[in-house]
Amino acid sequence: MTGPAARADVERAAPERPGHDGRPDRDGRNGLPLPLALTVLAALLLGSAVAGLAIGSVHVPPGQVWGIVTRALGAGWVEPDWSRARETIVLDVRAPRVLLGAVAGAGLAVVGTALQALIRNPLAEPYLLGVSSGASLGAVTVIVFGVTLFGPASLSAAAFAGALGALLLVYASARTGGRITSGRLVLSGVAVASVLTAVLDLLLLTTDRGNEARAVLAWTLGGLGGVTWDTLWLPGAALVLGVAVLMVQSRNLNLLLAGEEAATTMGLDVARFRARMFVLLSLVTGVLVAACGPIGFVGLMVPHIVRLVVGGDHRRVLPAAALGGAVFLVWADIAARVVAAPMEIPVGVLTALCGGPFFLWLMRRDARRSADRGGS
C-alpha cells in the first residue's frame, strides 16, 4: 500500500517506535505541550541573555542592562543612569557575544538532532563524527595560506567544504553491506577526526606566522570572544536557513525513524534525501565553526534532553532543540568567563567536560539495553 494514506500511517507509527531514550513516544504526547515547552524555553533564553549581558569582569545590574538595550532599540523615554563605559561593554562587547552563543548553540543542536535521525544513531553529533574537525581544517587552511578566493566568505566556504568532505568520508567508511552500526560510526568519526586534527596541527607547526598560529590554536578550542556586529549576519543566516529547511523536512526525518525500507516504501528517496541534508548540515556546521571554532557535544546532549521533554516528533524536537541549545551555550559562555576570572576558559573546553561524561553514559545505557534484548 502506497500513497498519502500509507505515508500518514508510517508517520504515525514512526514516533511509536522506541526513541533515543528507549521509551515509546506517540507523536510527542508523552511530553509537555509544545506551546508550553517553547514558552518556557524562550523565557529561559531571554533570562540567559540578560545574564550574559550583566555578568563579567565588570558587573552591570540587570536593570541597567534592560535600560541600555531598550534605549538602543529606540526607547527615547528611558533616562540613562549608567556610564558610557558600561553602555559600550553591554552593546559592543557582550551583546554580539551573547547573540553568537545563542545562534551557535541553536545551530549545533538542530544539526545534531538531524544527524541522529538521518543516520539513525543516538550518538551522532558534528564533533564526534569529525564534521567539526573537517570544518576546522578547511578554515585553518584558508588562514594559513591566505586564500581569499571568495572574499570575506572564504573562511566559511572552506569550512563548509571541509565539513562536507569529512561527513561523507565518515559515512562511507562506516557503511558496510548497506548498514551502519553505532560502534562503527563512532570509530570512523574518531579516526577521521584524528587524521584531520593531525593535518591541522602540521599546518600550524610548519607555518612561519607564529603569532597567527597561536591565535588559530586558541580558536580551535572553541570560543565566542572577538565577535563583532559585522560578522554576526552569516551565522544568523545559516541558522535561519537550516532550521527552516529542517522544519519543512521534519516529516521525512520522522519517516526515517521507521527504517530505510519503510521510508522508501512510502516514496522517500532516502539516498537523495540524505545527500541533500548532508550538504545543508555541513553548510550550517561550517559557517558556525568558522565563526566560533569547533564546540563539541552541544549537538549530542541537547537533542536527548529535549526529547525527554517534548517527545520524539521532529516537528516538536527541532524548535525546542534550537531554543535549548541557545540557552545551554549562552550559560556555557558565562561560565567560561567567570569560573577562572580574570582568565577566560575556552567554551569548547567546558562543553567537552559536560559532554564527555554524557557520551559515556549513553554508551553504557545502550550497551545495557543491547544486553537485555539479547537475554530476553
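Modeller: Helices are DSSP runs of H or I with at least four residues, and strands are runs of E with at least two, both numbered from the N terminus. The model is predicted, so local features need pLDDT of at least 70 and side-chain atom pairs count only at pLDDT 80 or more, while totals for chains, interfaces and linings use all residues. Residues are numbered from 1 along each chain as its sequence is written, and side-chain values use heavy atoms, with hydrogens and water left out.

Colleague: In which helix is Val 309 found, and is Val 309 buried or partly exposed?

Modeller: Val 309 is found in helix H13. Buried means under 20% relative accessible area, exposed over 50% and partly exposed in between (1.4 Å probe, protein chains only). With a relative accessible area of 34%, Val 309 is therefore partly exposed.

Colleague: Which helix gives the largest share of the nonpolar patch on the surface?

Modeller: The patch is formed by Leu 32, Leu 36, Val 40, Leu 44, Leu 308 and Val 309, which together have about 480 Å² of accessible area (Shrake-Rupley method, 1.4 Å probe, with only the protein chains shown as cover for residues). Two or more residues come from each of H2 (34-54) and H13 (298-310), and the largest share, three residues, comes from H2.

Colleague: Why is the pair of Tyr 127 and Phe 297 called tilted?

Modeller: Rings of Phe, Tyr and Trp (its six-membered ring) pair if their centres lie within 6.5 Å, with planes under 30 degrees apart counted as stacked, over 60 as edge-to-face and the rest as tilted. The ring centres of Tyr 127 and Phe 297 are 5.6 Å apart, and the pair is tilted because their planes lie at 45°.

Colleague: How many residues apart in sequence are the parts tied together by Tyr 171 and Phe 278?

Modeller: These rings have their centres 5.3 Å apart and their planes at 70°, so the pair is edge-to-face. Both Tyr 171 and Phe 278 are buried. Tyr 171 lies in helix H6 and Phe 278 in helix H12, so the parts that the pair ties together are apart in sequence by 107 residues.

Definitions and conventions
Patch = residues over 30% accessible without salt bridge, like charges linked within 9 Å, V, L, I, M, F, W, Y side chains within 5 Å. Salt bridge = Lys/Arg side-chain N within 4 Å of Asp/Glu carboxyl O.
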